[in-house]
Amino acid sequence: MKTPRTIALTFAAALVACGDDSSGNGTAGNGSGGNGVCGQAEPTGGTLVDVSGVFEPCDAVVDAVSGTTYTVSATGQVGVDAGSEDLVLLEAQDTTAADFAWDNASVYFVMTDRFENGNPANDNSYGRQVSPNSPDFGSWHGGDFAGLTSRLDYVAALGMDAIWISPPVEQIHGWVGGGSMGDFQHFAYHGYWAVDFTKLDANFGTEDELRTLVREAHARGIRVIFDVVLNHPGYASIADLVDSLPEVLNPTHTRWLEPDVALAPGENWHSFNDAIQFGSNVNWINWWGPEWVRVADFPGHDDPGSDELTSQLASLPDFKTESEDFVGLPPVLTVKDDTRAEALSDATVRDYLVAWHTDWIRRFGIDGFRCDTAKHVELETWTALKTAGTEALAAWRAENPNDPLVGDTDFWMTGEAFPPVRDRDAYFPAGFDSLINFDFNRDAEDLIEDFDELETYFADLDALVNDDPDRNELTYASSHDTELFFGETGGDFEAQALMGTALMLSPGAVQVFYGDESGRAPGPASSDGENPTRSDMNWDEHSQPENASLIDHWRTLGQFRKRHRSVGAGTHTRIQVGAGAYAFSRTLGDDGVVVVMFE
């Protein structure tokens, strides 16, 4: 394989080294006969690809898709066949696994509740139960840590380096009206409506089950990423207010706690709000409290601002993470018997949130954070989180010297800064290792149909992530709050395979949303456009021929990427080939690959 230096090989010298045998195209096997012959000057057959920028004449290279071995000719070419998948992934025959680095990471994003139910005994924790009169797609479905652990071999087989799980902390116990029309009961199964950041949600499992998940993931070389929310806590559901602030409830509230509650004429599921005294009740200062949050029209509270940092997202209480005032515990936690939260001396809201979140790292060895709503929290808070997180992971590793990932990279952070963002470059020196890249999600359908557009995308992304060693992008196609690519194409398996090729070969790091690789279809539609993206993992379809073939394709890509850090972190160079094909190389030090795609 070539090194980064320029190798001056004359054609004559190559002929001396390699001979002029005609067997250099196709499966190698004659290169060890003692006569130095390993290839011909010009391969015949197939599509000629100049690989001289990556491999040496006489090198044996393997197509990771078909398994075909080629020998590089004296002129630095191979003649490749399109094969059944119209894709060739060339690598050195003696390739070994690359050392892990976040700049080439493949991250598998799982919405825990929708992935695998490993412990049905925890399915209805806190008395959660959806009414038979409401669609169940907004309720808890049973996925948990035990289920994740049982599927780690599947994740590892996909070549994933990390598993990002939705926020695991304790969520509001009840429900609120779902969607713009209140057409379903919406529970916090997704993890973004916390009530206690110091406790695991019982629906997800116990601390022992989390500890097992981390241990088993690390044993497979998989890092565990928590999704974290520093911008807001959850809504005030009736079930939670009964325990923490019954003074704001009207007597009619009991009806909404009935497990089979039905809507009266003219009502929707938003109508539960009629049983709560919002702006008129001064007792709201005993919920999260005005020192902690800003909420519109709450007595004694500051109103939200109109900017990104002080506004309320989706009417959720906005944490005052920018405040320099010292605070005690929020009132809602002082009346909660099982919280682990303790009052801190001379601590701000930011200090508490950073301490609560990094405690999970210190106690369980969590490897990184995906930071929700990053642009709605000031950079100073993220810097504090990264600093404390790095210290916490180092402390955990010191106490767990036998963990397989003890010698791994430092604590990692990626951020969701949904465009437009005022100064995207400022996030990296503030502590972020990468930001989520929304461009591929927006343009994927066009990119997979036009090689020139795909080349422009690859080249631009390569320049963005590789010109600055301190920044990276986490590119994705599908997610929990945008859309499923498979749904957008109407369930087109061929398009899903092409998308997988483009995504998994993207420069930088990549994120795979659970079911991208298996053809998971969206769930039922509602007035909430996000819920369809969060359908249950389609395990029962994995053995179907089209689904199984798609999974195999993504496995090939994932394992290829895992073997070659050059795929995500290397230099991208287009290789000119004939009509109907597109080829490029990626090189990083002694590691290099060549990719050929066919129409």
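1. **Strand pairing.** Two strands count as paired if DSSP finds at least two bridges between them. Helices (H or I, at least four residues) and strands (E, at least two) are DSSP runs, numbered from the N terminus. In this structure, V176 has H186 in strand 10 as its bridge partner. G177 is bridged to Q185, also in strand 10.

2. **What you are looking at.** This is a predicted model: local features need pLDDT of at least 70, side-chain atom pairs count only at pLDDT 80 or more, and totals for chains, interfaces and linings use all residues. Residues are numbered from 1 along each chain as its sequence is written, and side-chain values use heavy atoms, with hydrogens and water left out.

3. **The hairpin.** Which way do strand 9 and strand 10 pair? Strand 9 (residues 175-178) and strand 10 (residues 184-187) are antiparallel, with four bridges. Together strand 9 and strand 10 make a hairpin, and five residues sit between them. Look in the turn for G179: its phi is positive, about 75°.

4. **Backbone angles to check.** Start with the background. Most residues other than glycine have a negative phi, and most peptide bonds are trans. C58 is not a glycine, yet its phi is positive, about 85°. C58 sits in the loop between strand 1 (47-50) and strand 2. C58 is partly exposed, because its relative accessible area is 25% (buried is under 20%, exposed is over 50%, partly exposed is in between, with a 1.4 Å probe and protein chains only). Y126 also deserves a look. Y126 has a positive phi near 60° and is not a glycine. Find Y126 in the loop between strand 6 (106-110) and helix 2 (145-150). Y126 is partly exposed, at 32% relative accessible area.

5. **A cis peptide bond.** Where is P420? P420 lies in the loop between strand 16 (412-415) and strand 17 (434-437). The peptide bond from P419 to P420 is cis, and its omega is near 0°. Check this bond in the viewer.

6. **Salt bridges around R220.** A salt bridge here is a side-chain nitrogen of Lys or Arg within 4 Å of a carboxyl oxygen of Asp or Glu. By this rule there are 36 salt bridges. One of them joins R220 to D153, with the closest N and O atoms 2.6 Å apart. R220 is in the loop between helix 4 (207-219) and strand 12 (223-228), and D153 is in helix 3 (residues 152-157), so the pair ties together parts that are 67 residues apart in sequence. R220 is partly exposed, at 28% relative accessibility. D153 counts as exposed, at 53%. R220 also forms a salt bridge with E216, where the closest N and O atoms are 2.9 Å apart. E216 is partly exposed, at 24% relative accessibility.

7. **A salt bridge within a helix.** D439 and R442 form a salt bridge, their closest N and O atoms being 3.2 Å apart. How far apart are D439 and R442 in helix 9? They are three residues apart in helix 9 (residues 439-447), so about one helical turn separates them. D439 is partly exposed, with 36% relative accessible area. R442 is exposed, at 55% relative accessibility. Elsewhere, salt bridges with shared partners join D153, R215, E216 and R220 into one network.

8. **A negative patch.** E445, D446, E449, E453 and E488 gather in a patch of negative charge on the surface. Patches use residues with over 30% relative accessible area and no salt bridge; like charges are joined within 9 Å, and nonpolar side chains (Val, Leu, Ile, Met, Phe, Trp, Tyr) within 5 Å. E488 is partly exposed, with a relative accessible area of 47%.

9. **A glycine in a loop.** Is G67 buried or partly exposed? G67 counts as partly exposed, at 49% relative accessibility. G67 lies in the loop between strand 2 (60-63) and strand 3 (69-71). G67 and Q511 are 444 residues apart in sequence, and their C-alpha atoms are 26 Å apart in space.

Definitions and conventions. Accessible areas come from the Shrake-Rupley method with a 1.4 Å probe; for residues, only the protein chains shown count as cover. Lys and Arg count as positive and Asp and Glu as negative; His and the chain ends are not counted. The place of a charge is taken as NZ of Lys, CZ of Arg, CG of Asp or CD of Glu.
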